[in-house]
Amino acid sequence: MFALLTILSTTLLSYALPSPTSCHPFRTIFTTSQSDSFIAISPRNSYNMAGDGLHLYLDNPGGDVTRKGGVNNKVADGATFNSTFTFLYGKVTFDLYAPIYAGVVTAAILIADQGDEIDIELLGSHPSHFQTNIFAPQPTDHGPLYGVFSSTDDLPSGDSGSGIQVMHSYSIDWNAERIIWSVDGKEIRTLRKDQTMDDSALHFPSHPVRIQLGIWDASNPAGTAEWAGGPIDWEQVPKRMEAVFKSVQMECP
Ligand SMILES: *[C@@H]1O[C@H](CO)[C@@H](O)[C@H](O)[C@H]1NC(C)=O
């Protein structure tokens, strides 16, 4: 009896839940309610789901921030959301507005527990470009390959508002052979698996990932601040900066 119940509930469960790595199509348009597909992993006051999208905030860390030697002594905690599911291969499209203050980074990434990443990063200091990158750590690596597979490409032009970019649609289309990044439907960068060789190992992401949305303060350490055009000058920027995600869409292979 017990065994039968166990089998029954296991069967029911496997019907109710999609396999953890299966791609299921959806479109989340962030409105006033919490989305089923995403969960905040930062405090409630660090974001707001208003009618026009999910606002992710980066707030002044409070007190005096000392800016010295190319870094700030305090780093603000930005808002981060994870998808509630993982998947292996699929196409994700983010409609978002990024802030354009130096030292702030807006991230729309796919990230695995094993360290694989497929990234889109928008640097507030370079509002006319966007950066793409991948990580797939291998046992033979001597450390993270930060610059090896990164690329900086032009964004289509458009009028930006005060402190925030015009909205763009950014896509990551990932399968077992290649990744294609697009902006506003136009393919910008293709990276094939065979182009990810470094130190005689392939570095192509191949583990199930979560979607992660975030805004972060790149004001420390010095190398990160330099890359991001920071550190943030809190005397010049608003106390609260924001990135706005209007929607996230998933299409399956
Ligand atoms: C968010 O995603 C990251 C990367 O997969 C994971 O390490 C972390 O545990 C996740 N946090 C939550 C609360 O889901």
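Guide: A pocket, on a 1 Å grid over the protein atoms alone, is an open set of points where a 1.4 Å probe fits, with protein on both sides within 12 Å along at least five of seven lines; lining residues have an atom within 4 Å of a point. The model here is predicted, so to speak of local features requires pLDDT of at least 70 and side-chain atom pairs count only at pLDDT 80 or more, whereas totals for chains, interfaces and linings use all residues. Residues are numbered from 1 along each chain, and side-chain values use heavy atoms, without hydrogens or water.

Visitor: Which residues line the second largest pocket?

Guide: Its lining consists of Asn60, Gly63, Asp64, Val65, Arg67, Asn72, Ile232, Asp233, Trp234 and Glu235. The space in this pocket comes to about 160 Å³, a volume being that filled by probe spheres set on the points. By class, 3 lining residues are nonpolar, 3 polar and 4 charged; Asp, Glu, Lys and Arg count as charged, and Gly as polar.

Visitor: How far apart are the closest N and O atoms of Asp233 and Arg67?

Guide: They are 3.9 Å apart, and the two residues form a salt bridge (a side-chain nitrogen of Lys or Arg within 4 Å of a carboxyl oxygen of Asp or Glu). The pair joins distant parts of the chain, 166 residues apart: Asp233 lies in the loop between α2 and β19, and Arg67 in strand β5. Helices (at least four residues) and strands (at least two) are DSSP runs. The count of salt bridges is 6.

Visitor: What is the volume of the largest pocket, and which residues are closest to its centre?

Guide: The volume is about 620 Å³. Of 27 lining residues, Asp119, Glu121, Tyr146, Trp216 and Trp227 are the closest to the centre. Elements giving two or more residues to this lining include β9 (104-111), β10 (117-123) and α2 (222-227). Strand β18 supplies the largest share, 6 residues. The lining of the largest pocket holds 12 nonpolar, 10 polar and 5 charged residues.

Visitor: Which residues surround the ligand?

Guide: The shell (residues with a heavy atom within 4 Å) is made up of Ile41, Asn82, Ile111, Asp113, Arg210 and Gln212. It divides into 2 nonpolar, 2 polar and 2 charged residues.

Visitor: Which atoms of Asn82, Ile111 and Asp113 face ligand oxygen atoms, and at what distances?

Guide: For Asn82, a polar side-chain atom lies 2.4 Å from a ligand oxygen. A polar backbone atom of Ile111 is 3.4 Å from a ligand oxygen, and a side-chain N or O atom of Asp113 is 3.2 Å from one. Taken alone, the ligand exposes 360 Å², of which the protein buries 58% (Shrake-Rupley method, 1.4 Å probe).

Notes:
A polar contact is a pair of N or O atoms within 3.5 Å; within protein, one must be able to donate a hydrogen and the other to accept it, and residues adjacent in sequence count only if both atoms are side-chain atoms.
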